[in-house]
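Subject: Structure handover

Hello,

Please find the structure below, followed by notes on what was found in it.

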Amino acid sequence: MVRELVLFDINKPLNMEYINDLLKKVGIELTDSIEKDFSQWKEKKMWNDYIKEYMDIKTKVQNEINSFPIGLPNAKKGEQYFQEVNFKNEKIESFWFEGLSQIGCNAYITEKGFSILGMPTNHGDFKIKMCYKLNGWVEGKPILERSFNISVNPDPKDLWKNIPTPKDIEYFKDDEECGYVKVEALDGTPRKDIVAASKRGRSHAHEGRPRDDHFKLHYCAENDWYVIAVADGAGSAPFSREGSKIACDVSVKHCMEMLKDSSEFEKSIKEYKLEINSIEKQKQIGNNVYKIVGNAAFKAYKTIENVAQEKKRLTKEYATTLLLAVCKKFDFGWFISSFWVGDGALCIYDKERQYIKIMGTPDGGEFAGQTKFLTMPEIFSDTNSFIRRLNMTIESDFTALMLMTDGVSDPMFETDANLNKIEKWNDLWENITKYVQLIDDNVDSKNQLLNWLDFWSKGNHDDRTIAILY
């Protein structure tokens, strides 16, 4: 007898009554125990098949995700970061990221994949997780992950230490200083004020060394004369911080004393204005400039020399530059006279006329390097060379008279040749006035200017000092 072949689909839901009927036809009787055991076997097999199928899909997708090239370039602290990644996988229902907040960035899902955007606030190496769900995900199924690294480079400014200058050193000087001279309006008309700031350079702060720059400001209300000095102590000279202080203090004090009775000087200025081409008038005013401004520089040099001798030291151990200017407004315009030894810059700038006048020549090469100092005897031994360091001019008006050490001029102008480019002075003025309100009677401008001196310029970390008559 040929028996009927009975088949049933193991993957269909169990119908034990139907199965019993089929088995009876072939002479098999199921006991309750066998029936129960068979049911358990069937359920277990179905579960194992379910898990195997899920694990096969999970492994395949994980391998695809892990092998997908997600290369994120390094970020930099404090700089905007943006990276777009093309990423698609049809077996993924959704994905998101964890760990980006510790950097200061966020992830955004796009049509093409995702992008990472933000301003990193921390530096270091960070592990980021991409979490994702497979299609058909339900509660109880695992959330899958892929980890990758992103490096955030530090802000160069964070690498600089700021070690206070020891207060027990000889010639202690504060690490920063600022000053403001307010000149009262005359008949309701504002008059120019002076603001200055000086800050220890990052290279000095990193090693706990003192500030070598200095400045001195003075306005004589009795006769309306302004006197301004800025000096840069040589980094290689151990006591240059005192040299720059002496240079400023002594030169300004000498000018103040000489200008207490300035009638003769002012008379020669007015006559020079009337006969500007007269050799006699040029000589007369030149003698007065030499007596006031030139002798101020020489007196500063001699004072430094005497201090060095008293300490049984070499004068060059107090080496410093000096930029000195005296000026006054007359009915016909401004008279300005100056002395300049060393690097840095001394300039009359007029934004409206797009005009500059550099009041001398910096003692440096095409690029920053070796310069000359007030403390060098040869500065004064050659009279003709010394006189060329004196300058004077009459200007109808100006936006600002600026004196600065090379800590400011080097990063702003880069070369001495650029000092003669009006566009460079326009850029500097725009840079300063973006952060400093150079308006009448703004006493807070001294603090604003001090903060401005913190500007970042790669490779330029010297002391910074600037004085502005505006």
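Lys127 has Asn149 in strand 7 as its bridge partner. Helices (H or I, at least four residues) and strands (E, at least two) are DSSP runs, numbered from the N terminus, and two strands pair if DSSP finds at least two bridges between them. The model is predicted, so local features need pLDDT of at least 70 and side-chain atom pairs count only at pLDDT 80 or more, while totals for chains, interfaces and linings use all residues. Residues are numbered from 1 along each chain as its sequence is written, and side-chain values use heavy atoms, with hydrogens and water left out.

The sheet around strand 7

Strand 7 (residues 144–153) pairs with strand 6 in the antiparallel sense, over nine bridges. Gly124 stands opposite Val152 in strand 7. Strand 6 (residues 124–134) is also antiparallel to strand 3 (residues 92–98), with six bridges between them; there Glu98 faces Lys129 of strand 6. The open sheet is made of four strands in the order 1-7-6-3, with mixed pairing. Strand 1 (75–76) and strand 3 are at its edges and have a single partner strand each, so one side of each has no neighbour in the sheet.

Eight of the nine residues of strand 12 (residues 322–330) are buried, where buried means under 20% relative accessible area, exposed over 50% and partly exposed in between (1.4 Å probe, protein chains only). Strand 12 is antiparallel to strand 11 (residues 225–232) over five bridges, and Tyr226 stands opposite Cys327 in strand 12. Strand 12 also runs antiparallel to strand 13 (residues 333–341), joined to it by nine bridges. Leu322 is opposite Val341 in strand 13, and a hairpin of two residues links strand 12 to strand 13.

Nonpolar cores

A nonpolar core is a set of buried Ala, Val, Leu, Ile, Met, Phe, Trp, Tyr and Cys residues joined through side-chain atoms within 4.5 Å. The largest has 53 residues, of which Leu401, Trp425, Trp452 and Ile468 touch the most other members. Apart from it lies another core of 41 residues, including Ala231, Phe265, Tyr272 and Val289. Leaving aside residues up to four places away in sequence, Trp425 touches several residues, among them Ala345, Tyr349, Ile358, Met404 and Phe413; contact means heavy atoms within 4.5 Å.

Lys182

Lys182 is in the loop between strand 8 (176–181) and strand 9 (194–199). Lys182 counts as partly exposed because its relative accessibility is 40%. Not counting residues up to four places away in sequence, Lys182 touches Asp193 and Asp441. From Lys182 to Asn391 there are 209 residues in sequence and 26 Å in space, C-alpha to C-alpha.

Regards
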